[in-house]
Each structure stands twice: as structure tokens, then as C-alpha cells.
Amino acid sequence: MTHYDIPATLTESINGWENPEMVALWTHFAKFLIDEYKDEVTYWLTFNEINMAANSSYLGGGMFVEKSSRTPESCVHQALHHMLVASAIVTRYAHDTAPQCKIGNMIARLHNYAYTCQPADELETMKANQLNLFFEDVMARGRYPQTMLNYYRDNDVVLDWYPDYERILQEGTVDFLSFSYYFTSVVSADPDKKEPLGTFVRQLKNPYLKHSDWGWATDPTGLRITLNELYDRYQKPLFIVENGLGAHDKLETDGTVHDAYRIDYLRQHIEAIRDAIGDGVPVMGYTPWGCIDVVSCGTGQMKKRYGFIYVDQDDMGNGTLARSRKDSFYWYKKVIASNGE
């Protein structure tokens with residue numbers, strides 16, 4: 001329903017999701033979508049990568065933390081609180097008015113490994129995973145986990161709780177959990193170990209994995225681990241709604257693009273999904289990112305390409321916008337036709 005988009009006037013006039021007025025405005029919009037399309041659309045996601053508001057406040061929450069009277073972290077988590085409440089309200093509405101539909105929400109899943117087997121690194125890794133999964137805790141279980149309340153206390157995060165939020169969250173739990181998965185990260189308790197990679201996520205380089213040109217670790221086994229851990233924790237069906245490789249692609253003179261590296265990446269991850277299904281995990285769907293080259297959200301670049309279809313445009317916006325099918329286009333067509341086989 002919402003993929004990093006909010007009317008600009010609401011970011012400027014009420015500072016986006018920090019303001020509780022957004023709950024009524026957004027639920028009005030979302031209920032309209034359900035009323036209008038419930039007979040055509042079976043599966044709904046309320047927010048795209050809801051946790052990214054914590055990593056990029058304007059992108060994910062449509063707010064300027066510098067304009068808030070709250071501390072930056074209190075501003076961010078106030079916005080997230082309103083988003084979680086709004087999501088629960090709409091989930092309950094969908095259950096009541098369109099019971100044939102299934103509704104979920106999604107996070108950017110950031111699975112973490114400990115830098116070493118030192119207990120301090122393991123503890124830091126546990127905390128990082130708890131922070132990433134608290135969104136799923138709220139949406140799947142209908143309540144804030146104690147770990148997050150402890151985090152608020154320890155980091156002086158002060159929230160104005162939405163009226164009757166506890167009942168709202170309990171009555172609006174999702175039918176399935178979905179997530180984007182691109183890479184895994186490494187966590188250390190040592191503050192001196194800083195090797196920032198990625199865009200919105202601070203991570204350490206894993207020496208056991210290959211990395212893309214933009215520093216993202218290729219880790220299909222991590223996807224299998226993620227699927228198992230999420231199902232063990234929540235016992236709900238899972239949907240991978242983003243997965244893909246951002247890479248430099250070369251358009252040949254004959255209009256072809258030979259992106260065997262993308263095919264290899266996707267094949268490994270689909271095989272990991274197959275293995276997780278064999279483990280007993282109910283994976284209800286998989287959609288890669290993405291179908292066609294677009295400007296990268298993370299870096300603002302066109303040259304960081306994910307699509308099966310090449311678009312003739314460079315980072316400065318120059319080009320004909322002509323489309324060309326990559327090798328991965330024809331390969332993924334077979335993947336779809338065979339349901340992954």
C-alpha cells in the first residue's frame with residue numbers, strides 16, 4: 001500500500017509520521033484501496049520495509065528529525081509507533097470487510113552474525129537481531145516485546161502512546177510475514193571495529209562471503225537460516241518480496257546483456273528457499289527485485305542495476321530509455337513457468 005511514498009505536503013506541514021494525524025489520513029487511504037480492489041487483489045502489504053524509517057527517517061517516515069521537538073531517536077520511534085498502529089487498524093479492517101484477502105507487512109530483514117565467538121560479540125548480535133525483529137514481534141504477536149521497552153528506557157526514547165494502542169495491536173495481527181533479503185551483516189561489540197559497507201545499514205565485512213561492487217554480501221545460506229528462524233519464532237507463512245543483485249551491466253552492440261552473475265545469485269537463493277521448504281518452512285511466495293532497471297533507492301544511481309530488463313539511461317538521466325532483455329529475463333521466464341524447478 002505504501003512504498004516509501006507520502007504526499008510531500010504532509011512532510012512539510014505535519015512532519016509526516018511523527019504526527020498522529022497521519023494515522024487517520026493513511027487508514028482512510030488504505031481502507032479505500034481494500035474497498036476498491038478486494039475482489040482483484042488477494043495479498044496486501046501495508047508498509048514497505050517499515051523498519052527503514054529507523055535507518056533513513058525521511059525516506060521511510062516522511063519526516064525531518066531536525067524539525068522535531070523530540071530527540072532524533074524519539075522522533076523516529078514515535079513515527080514507527082504511529083505506522084504500526086495504522087497497519088494494525090487496516091489489518092483488522094481487511095479481516096472484517098474482506099476475509100478472503102490475506103494481509104501482511106514487511107521489513108528489510110537484516111540477519112546478523114557475530115564477528116567472533118566471544119560472548120560480548122554474541123550478545124551484541126542478539127541485540128541487533130532483536131532490534132530488527134521487533135517490528136515483526138508487534139505485527140505478528142500484537143504487542144511490544146520487553147526487549148524494545150528496555151531499549152526505550154536505556155536510550156531515553158520517550159513516546160506519546162496512541163490511544164488504546166494495546167487493543168489495536170492485539171486485534172490487528174497479520175496473516176503472514178514478508179521481508180526483503182539482500183545480504184547478511186557481521187556485528188562486533190568492539191567500537192573500534194568499523195568498516196561501513198552498504199547504504200543505510202552499517203555492517204562489517206564477512207571474510208567468508210563474496211561481495212557485490214556495492215559491498216553487499218551474497219549469502220543464500222543466510223536466507224535459509226532467516227526463513228527457519230522466522231518460522232520458528234512466529235509460526236506464520238513467509239513471503240520473500242524482494243531479493244536481487246545490484247550490479248554493473250554492459251549493453252552489447254547487438255542489444256544483449258549477459259548477466260550470468262545475476263542468474264547465479266538468484267539461482268542460489270531460490271535453491272536456499274527450496275531447502276527451507278524441505279526444512280518444513282511454509283514459504284508462500286517469492287518475488288525478486290526487480291523486473292526492470294530503475295534508479296537505485298540506496299545510492300541514487302542508475303548504474304546499480306537489478307532488473308531483468310536493461311534501460312538505456314545513465315546516472316545523469318541521459319539516454320534513449322530503450323529497453324533490452326537481459327539473459328536473466330529469459331532464464332527467469334523459465335523459473336516462473338516451472339514454479340522454481
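## Salt bridges

In this predicted model, arginine 274 and aspartate 275 join their side chains in a salt bridge, with N and O 3.2 Å apart. Arginine 274 is exposed, at a relative accessible area of 51%, because the cut-off for exposed is over 50%. Aspartate 275, with a relative accessible area of 28%, is partly exposed. Side chains of opposite charge can pair when their charged atoms come close. The whole structure contains 16 salt bridges.

Another of these pairs joins arginine 92 to glutamate 171, whose closest N and O atoms lie 2.5 Å apart. This pair links distant parts of the chain, since arginine 92 belongs to helix α4 (residues 72–97) and glutamate 171 to helix α7 (residues 165–171), 79 residues apart. Both partners are partly exposed: arginine 92 has a relative accessible area of 32%, and glutamate 171 has a relative accessibility of 34%.

## A buried pair and its network

Arginine 305 and aspartate 293 form a salt bridge with an N to O distance of 2.8 Å. Both residues lie in the loop between β7 and β8 (309–311), 12 residues apart. Arginine 305 and aspartate 293 are both buried. They also belong to a network of salt bridges that links Asp249, Asp259, Arg262, Asp293, Arg305 and Lys326.

## Strand β4

Strand β4 (residues 176–180) is largely enclosed by the rest of the structure, because 5 of its 5 residues are buried. In a regular strand the side chains alternate between the two faces of the sheet. In β4, Phe176, Ser178 and Ser180 point one way, while Leu177 and Phe179 point the other way.

β4 pairs in the parallel sense with strand β2 (residues 102–108) over 5 bridges, and glycine 104 has phenylalanine 176 of β4 as its bridge partner. β4 also pairs in the parallel sense with strand β6 (residues 238–242), over 4 bridges. Here the bridge partner of phenylalanine 179 is isoleucine 240 in β6.

## Helix α8

Helix α8 (residues 220–234) has 15 residues, which should span 21 Å at 1.5 Å a residue; its end C-alpha atoms are 21 Å apart, in agreement. Its buried residues are Pro220, Gly222, Leu223, Thr226, Leu227, Leu230 and Tyr234. They cover an arc of only 140° around the axis, and therefore lie on the same side of α8. Thr221 and Asp232, on the other side of α8, are exposed.

The elements that cover the buried residues of α8 include β3 (112–114), α5 (119–141), β4, β6, α9 (260–279) and β7 (283–286). Glutamine 235 follows α8 and has a positive phi, near 55°.

Key. Residues are numbered from 1 along each chain as its sequence is written. This is a predicted model: local features need pLDDT of at least 70, side-chain atom pairs count only at pLDDT 80 or more; totals for chains, interfaces and linings use all residues. Side-chain values use heavy atoms; hydrogens and water are left out. Buried means under 20% relative accessible area, exposed over 50%, partly exposed in between (1.4 Å probe, protein chains only). Helices (H or I, at least four residues) and strands (E, at least two) are DSSP runs, numbered from the N terminus. Two strands pair if DSSP finds at least two bridges between them. The expected span of a helix is 1.5 Å times one less than its number of residues. The arc is that of the directions from the helix axis to the C-beta atoms. Contact means heavy atoms within 4.5 Å. A salt bridge is a side-chain nitrogen of Lys or Arg within 4 Å of a carboxyl oxygen of Asp or Glu.
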